[in-house]
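Try each task with the model open before you read its solution.

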Amino acid sequence: MKTHIPFLFFRKTITLGPEQAPLPPGYTLSFWRPGRFRIRPEGFPAMPFLVWGWCHALGVFATRDYGIMLIFRRGRLVHRTCLLPAHFRFPFMGPGDLQAAGIWTHPDHRGTGLGLVALRAVFHQLHGSGRTVWYMVREDNNASIRLAEKAGFQPWGRGRKLASPGLGMLGAFHITEGPSGRPSAIWPGSWYACSAPVPKASGSAAGLGAGPGRGRPPSGCG
Ligand SMILES: CC(C)(COP(=O)(O)OP(=O)(O)OC[C@H]1O[C@@H](n2cnc3c(N)ncnc32)[C@H](O)[C@@H]1OP(=O)(O)O)[C@@H](O)C(=O)NCCC(=O)NCCS
């Protein structure tokens with residue numbers, strides 16, 4: 001039987017952007033934006049990148065901010081952090097809010113700080129804007145929770161994906177516990193405990209066990 005693991009929701013308001021974290025030597029960083037005839041980066045899988053590209057092109061996203069922070073090493077993609085504007089799947093987001101989503105680091109490069117570099121670069125881009133960035137993660141994904149903590153996101157709630165019949169990609173996420181969700185007797189103490197240490201593995205076998213930690217790039221946090 002399929003189990004539905006709850007999600008944790010974090011958020012951060014970008015007032016003054018932090019200093020950009022330095023890239024380790026040999027890596028390059030760039031921010032991809034969709035263009036008129038370019039709705040996904042070359043070589044990216046259709047799901048979810050075509051869908052997101054069309055959401056941008058058709059105005060489903062609330063703002064024009066959709067883009068992807070990319071880190072390469074020797075011409076090879078080793079990290080991506082997508083920046084998604086508010087839309088119907090994330091009803092907890094305000095119209096000008098953004099979400100760091102689809103975050104992925106190549107297994108051979110995990111634990112080297114690339115996730116933090118990319119998030120800091122995103123914050124730097126939004127420097128002084130006062131905008132809110134959300135970070136949503138399955139509550140069993142310790143490495144990702146740890147990354148959110150290091151990047152200065154504040155825990156905001158806990159919730160679930162409400163599936164729409166047969167169309168997982170359309171399922172919306174709802175915060176059910178926390179300030180913007182149903183009042184909870186356990187808020188704020190017990191739903192969020194500091195993330196447990198992550199067992200480190202080497203090479204392409206590195207991962208987090210079950211769930212999105214395996215080597216194959218996940219389609220996104222959702
Ligand atoms: C979550 C993820 C993006 C973190 O990226 P990263 O570039 O490794 O980030 P960091 O280097 O800042 O490390 C973050 C944490 O990952 C854990 N980690 C370290 N080395 C690791 C390794 N070899 N394998 C797995 N996790 C590791 C540590 O807890 C680390 O925190 P620490 O620096 O305080 O020890 C990456 O593990 C990943 O791609 N996971 C699979 C996809 C996924 O789960 N995406 C997030 C969806 S919300």
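The exercises below go from confidence to strands, then to a helix and a core.

This is a predicted model, in which local features need pLDDT of at least 70, side-chain atom pairs count only at pLDDT 80 or more, and totals for chains, interfaces and linings use all residues. Residues are numbered from 1 along each chain as its sequence is written.

**Exercise 1.** Find out how confident the predictor is, and where pLDDT stays under 50.

*Solution.* Begin with the term: pLDDT is the predictor's confidence in each residue, from 0 to 100. The protein has a mean pLDDT of 82, with 75% of its residues at 70 or more. Next, look at residues 182–199, where pLDDT stays under 50. Residues 201–222 also have pLDDT below 50.

**Exercise 2.** Work out which strands pair with β6, and in which sense.

*Solution.* Helices (H or I, at least four residues) and strands (E, at least two) are DSSP runs, numbered from the N terminus; two strands pair if DSSP finds at least two bridges between them. Start with β1 (residues 7–14), which runs antiparallel to β6 and is joined to it by 8 bridges. Here phenylalanine 7 faces arginine 138 of β6. Then turn to β5 (residues 98–105), which pairs with β6 in the parallel sense over 3 bridges. In this pairing alanine 100 stands opposite tyrosine 135. Between β5 and β6 the chain passes through helix α2 (residues 114–125) in a right-handed β-α-β crossover (clockwise from the first strand over the helix to the second, with the strands pointing away from the viewer).

**Exercise 3.** Is β6 mostly covered or open?

*Solution.* Call a residue buried if 20 or more other C-beta atoms, placed from the backbone, lie within 10 Å of its own C-beta. In β6 (residues 131–138), 6 of the 8 residues are buried, so the strand counts as mostly covered.

**Exercise 4.** List the buried residues of α2 and say what covers them.

*Solution.* The buried residues of α2 include Leu114, Val117, Leu119 and Phe123. Their cover includes β1, β5 and α3 (142–150).

**Exercise 5.** Which residues touch the most other members of the largest nonpolar core?

*Solution.* A nonpolar core is a set of buried Ala, Val, Leu, Ile, Met, Phe, Trp, Tyr and Cys residues joined through C-beta atoms within 7 Å. Among its 45 residues, those touching the most other members are Phe9, Phe10, Ala100, Tyr135 and Ala148. The largest share, 6 residues, comes from α2.

Technical notes:
Buried ≥ 20, exposed ≤ 12 C-beta atoms within 10 Å, placed from the backbone. Contact = placed C-beta atoms within 7 Å.
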